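Q: I have a model open and would like to talk it through. Could you take me around it?

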Amino acid sequence: MISLKNITKTYKNTPVVKNVTLELPKGKIISLVGSNGAGKSTLLGVIARVLNPDDGQIIINERNIEDYKTRLLAQHISILKQSNHLNLKLAVKELVAFGRFPYSQGKLNTTDQEKINEALTFLELDDLKDRYVDELSGGQKQRVFLAMVVAQDTDYILLDEPLNNLDMKHSVQIMKTLQALCKQKGKTIIMVVHDINFASQYSHYIAALKSGEIKYFGKTQDIIEPKKLKDVFDIDFEILEHNNKKICNYFN
Amino acid sequence: MNVIKNYNTLKLFGLAALVLVLAIVSLFIGVKNISPLQVLNWNKQEVMLLTISRFPRTIALVITGVGMSICGLIMQQITQNKFVSPTTSGSLDAAKLGILTTLIVIPQEQALVKLIVSFLVTFSASLLFIKIINNLKHKSIVFVPIVGLLFGGIINSITSFFAYKFNIVQDVGATRDMSGSWLMGDFSGILQGNYEAVYLCLPAVVITYVYASKFTVIGMGKEVSLNLGLNYSSVLNIGLLCVSLTISAIVVTVGIIPFLGLVIPNIISHFKGDNLKATLPYTALFGAAFLLVCDIIGRLIIFPFEVPIGLMIGLVGGFSFLILLIKKQ
Amino acid sequence: MTAITKKMSILLLLTLGLIALFLFIGLPNNWDYALEKRSVKIVAIIVVSCAVATASVIFQTLTSNRILTPSIMGFEAVYFLFQTVIIFIYGDKTFRVINQENNFFLSILCMLLFAFVIFKLLFKKEKNNLYLLLLIGLVLGTLFQTVSSFLQLIIDPNEFLMLQGSLYASFNSINYDLLWYASGTLLLCFGVVFCFTNHLNVMLLGRDQSINLGVNYFKKTQLFLFLIAILVSVSTALVGPITFLGVLVTNLTYELFKTYKHQILIPACCMVSVVSILLAQYVVEEVFQYNSTISIIINFVGGIYFMYLLFKAKKL
């Protein structure tokens, strides 16, 4: 379980994340939603220690992340940022192999090799593994980076807008993969999503942020309500139900 | 509204008056002591000294100050980068390479030939620089000037290569690969008859004023200018022609004045914002005032000798730029 | 992998061959003296090549940019200023007051001090903006150069000739002892670098990705910058500055070996660097009959290559 205690992060005197306290349950898919500038990506970055909070504590598996060795922490938590342009000529399998760095520091053993192959298969990349990453399409690239995270084999996987720039087919494909990761491998997935309907369809929990604060946090069913959503996004919502899943209509 | 406008005009007049006062002070500093009284009494020798040496110097100072600052401003608009200037785009180094070329090819050169060759080299170098920037993917405010400085370094290494080959190293001062002491800005040699080329900066200043908003538009890129119905390449060429002409005229007559074109527009934009039309007169006047002050100090601190203006500006401007950089962080 | 091994072997053979040519061709009758002189020269060339190559590869990895070289960070300007100042102060007595050895160590000290100051000034935990660091280094460099050029203007022309000797890189008058110190330092740095080549590979992926993969990015960056500072100052103090060597050899290496692995890149780049300097030295001696210097040749060629890179590469 990841607990956040009083996390605060300020950029040039404007607080972006204000005093956030949150407990993120294990083995679930959790979506962070909110308008632009609500502090979602910053919060995610802080949890992944890519950004340093000005104040507050992050506790992973009952240990403060500052007490972890950087290398050890990378075996527990991984993050995939939204912009992943590479200037390198790197084959798919080579990039995925980097995911094993926290374990073997670059000298791959048989377990590493197995994990890499497993990750490649999991994301259906077997045919592409010898191709160069910069030659792939957006959807394929995203899968490759996801494969690297899968190879890293951490309990917690943090994703910053994994659907950014993907079309509907590839978005659904990625989401299905995440669902499988959660279900089959028991991973905890925390992600920033822009489309409220993707959050509603695929996540177990939703945390809604507004101007740096957690406005609502709870089971998806409880958060997807016209009143709450209006409060968070400042537009009107109509909620439709289909197959026990809620779909938001905000096209007024 | 009217009040604000009047207030601004007042400030502009204040700045103009400051330049005038500084110019008058500058006239009466020198090894030979001249007092305003003697001039008023039409003392022949003093008046002659004034017209042959002091007036040209002061005029050259004012025009250089205006010209360099405006050049910086145009380049910053065209590249949309606050830290681009003649110093950080290789233009000054190109002007030097041009002069070196004339020294090698036609040693008994005339000032005009020097100017033309240097202008041509500077113009091509600025075109090249713009091309390079357009090629860059990573156009951050800090990275573009780094590329510009490197570009200048390359031009200088070419200068060094030929200077060494033709054995004119100390004259050319190409001892250092990034920039040389050769042609370090110096107003002490300015006399009637050898400085008039700086007047060539004036048309450039006028054109800049007319084209001000167009430069801003082309700075936003080819597509945007096309969309707004502007001919990108012709406006770009006009801008670069102005800049190159100004720079080569100044380098040929007084030498290299580093950092002025960088620092002055930044200081003005800090106080007055970025509306080019509104800031232009301030930038021009402030540039002149700044250069005059540096020159006066340079002439006074080791009186009766003087510190070359290139060194004074190099130090003061360099430090100001550093402060800007650290503040920007 | 085999392709890379093959290329490495060819490069190694080429390097060794050139070294042998340089050492043995046209040896005069009393060969032992000449051979000793040539050996010293070749060792100096190897030391400088490896130092510049290693420093440049690491620097480009840290900045994830292939057109930069640590030499432009201001080290050379500090070296220039120091040399100018001592000649300005002591004039023709310089060599009696400060011997070559002291000059070497004092130069290194000045450069390291400079590096320390700008690193301290700019390193904040959150974002170590290397581009800003570089630009500030460049500007400080120009500031120092302004002062040097002023001093050079007022230096007597004879003393200026002396100064010129130390300002242009040259392998013709290397102090034997200094070479030992430099080689030792180089080996030490090499040892450290080769412990962390895998970290360098990860750091190519950028800051966030490195942190994600458990690299202590902040500490590692500092460590590598420190190593770069040592390598560059030692090579500069030994033979003088060769600004564009780094850009030239690293990019040639990337072209030859399309790999990201520093285990291969660094040694390959060292060899490319040795080859380049040897060729430049040949051009200086045979084509220009010593009427040019190695730094001018390398900067000229490197500069032109650099322009080509700026135009060609859309991915800078």
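Q: What is the chain doing over residues 112-130 of chain B?
A: This is a predicted model, and in it residues 112-130 of chain B are 100% helix and 0% strand, with the end C-alpha atoms 27 Å apart.

Q: And residues 55-75 of chain B, how far apart are the end C-alpha atoms there?
A: They lie 30 Å apart, and that span is likewise 100% helix and 0% strand. The unreviewed UniProt entry lists both 55-75 and 112-130 of chain B under "transmembrane region", along with other spans including 12-35 and 235-268.

Q: How many helices and strands are there in chain B?
A: Chain B has 13 helices and zero strands. Its radius of gyration is 20 Å, close to the 20 Å that the globule rule gives for 329 residues, so chain B is as compact as a globular protein of that length.

Q: How much of chain B counts as buried?
A: Of its 329 residues, 50% count as buried. Among contacts in chain B between residues at least 6 apart in sequence, 75% join residues at least 24 apart.

Q: Switching topic, which residues touch the most other members of the largest nonpolar core?
A: They are A:Val96, A:Ala147, A:Leu158, A:Ile189 and C:Ile228, in a core of 268 residues. Helix H2 of chain C, residues 31-63, gives the largest share, 15 residues.

Q: Where does this core lie relative to domain 1 and domain 2 of chain A?
A: It lies between them, because both domains give residues to it.

Q: What is A:Val96 in contact with?
A: Leaving aside neighbours within four places in sequence, its contacts include A:Ile116, A:Leu120, A:Val144 and A:Ala147.

Note on methods. Residues are numbered from 1 along each chain as its sequence is written. Chains are lettered from A and ligands numbered from 1 in the order in which they are written. This is a predicted model: local features need pLDDT of at least 70, side-chain atom pairs count only at pLDDT 80 or more; totals for chains, interfaces and linings use all residues. UniProt positions are given in the numbering used here, feature names are shortened, and annotations may be inferred rather than shown by experiment. Helices (H or I, at least four residues) and strands (E, at least two) are DSSP runs, numbered from the N terminus. A nonpolar core is a set of buried Ala, Val, Leu, Ile, Met, Phe, Trp, Tyr and Cys residues joined through C-beta atoms within 7 Å. A residue is buried if 20 or more other C-beta atoms lie within 10 Å of its own, exposed if 12 or fewer, and partly exposed in between; C-beta atoms are placed from the backbone. Domain bounds come from an automatic or database domain assignment. Two residues are in contact if their C-beta atoms, placed from the backbone, lie within 7 Å. The radius of gyration is taken over C-alpha atoms; the globule rule is 2.2 Å times the number of residues to the power 0.38.
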